[in-house]
Amino acid sequence: LTNLTKGALLSLPAIIFSVICLSLPGRADLHSPNGPVVLTVSLADGSSAEFDQDALGRLPQDEFVTDTIWTEGPQTFRGVRLADFLNEFGVVDGELILFAVNGYSVSLPIAQIEPGGALLATKRNGQEMTLRDKGPLWLVYPYDQDERYRTEQIYSNSIWQLNRMEVKSGS
């Protein structure tokens with residue numbers, strides 16, 4: 001293979017990702033924020049995407065009410081399910097590393113992220129969350145729904161002030 005051919009093959013996943021994003025109705029604008037960037041996603045193929053609140057709001061939304069160990073009384077969380085968010089990128093395996101503004105990070109095996117589980121919350125009780133209020137993004141689980149969501153591991157995965165994700169490919 002020539003160097004030109006090798007370079008084209010190495011960038012093929014990024015090219016395919018770009019073509020898919022541009023060809024899906026309404027998806028190209030998801031990765032072109034107009035407002036302040038609240039989330040940066042780096043994929044295993046070297047491509048990345050940035051999201052503002054509006055872009056996240058255009059993804060399939062879900063909502064649940066649950067108690068948390070950090071708040072008083074039932075809280076209503078709204079956002080996109082983490083499994084659905086990763087499906088936007090075709091991510092099905094590997095490791096997901098989530099980073100908070102303060103440097104806290106958690107690592108989740110992507111195979112363990114299930115539909116109906118973790119929610120990438122953009123709103124709590126109908127309001128966008130600020131940095132002072134665990135926002136702008138908080139990974140929450142429906143803790144009241146199942147005892148599996150009330151473990152130390154799940155609580156430590158419930159990262160708030162989330163602003164960055166990295167997808168590492170599986171081995």
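**Salt bridges and an open sheet**

Arginine 78 is partly exposed in this predicted model, with a relative accessible area of 32%. Its salt-bridge partner is glutamate 63, and the closest N and O atoms of the pair are 3.7 Å apart. Because glutamate 63 lies in strand S3 and arginine 78 in strand S4, this contact ties together parts that are 15 residues apart in sequence. Glutamate 63 is partly exposed, at 43% relative accessible area.

Strands S3 and S4 are also linked through another pair. Here the side chains of arginine 81 and aspartate 62 meet in a salt bridge, with 2.8 Å from N to O. Arginine 81 belongs to strand S4 (residues 75-81) and aspartate 62 to strand S3 (residues 62-66), so the pair ties together parts that are 19 residues apart in sequence. Arginine 81 counts as buried, at 8% relative accessibility, whereas aspartate 62 counts as partly exposed, at 29%.

In the whole structure, seven salt bridges are found. Among them is the one between arginine 164 and glutamate 166, at 2.7 Å from N to O. In this pair, arginine 164 is partly exposed, with a relative accessible area of 31%, while glutamate 166 counts as buried at 18%. Elsewhere, salt bridges link Glu114, Asp146 and Arg148 in a network.

Turning to the strands, five of them form an open sheet with mixed pairing, in the order S2-S1-S10-S5-S6. Strand S2 (48-51) and strand S6 (105-109) are the edge strands, each pairing on one side only. From one strand to the next, the twist averages 15°. Strands S5 (residues 95-100) and S6 run antiparallel and are joined by five bridges. Isoleucine 97, for example, has serine 107 in S6 as its bridge partner.

Methods
Residues numbered from 1 in each chain as written. Predicted model: local features only at pLDDT ≥ 70, side-chain atom pairs only at ≥ 80, totals over all residues. Heavy atoms only, no water. Pairing = 2+ DSSP bridges. Helix = DSSP H or I, 4+ residues; strand = E, 2+ residues; numbered from the N terminus. Axes fitted to C-alpha atoms, helices over the stretch in contact; angles between N-to-C directions. Salt bridge = Lys/Arg side-chain N within 4 Å of Asp/Glu carboxyl O. Buried < 20%, exposed > 50% of the residue type's maximum accessible area, 1.4 Å probe, protein only.
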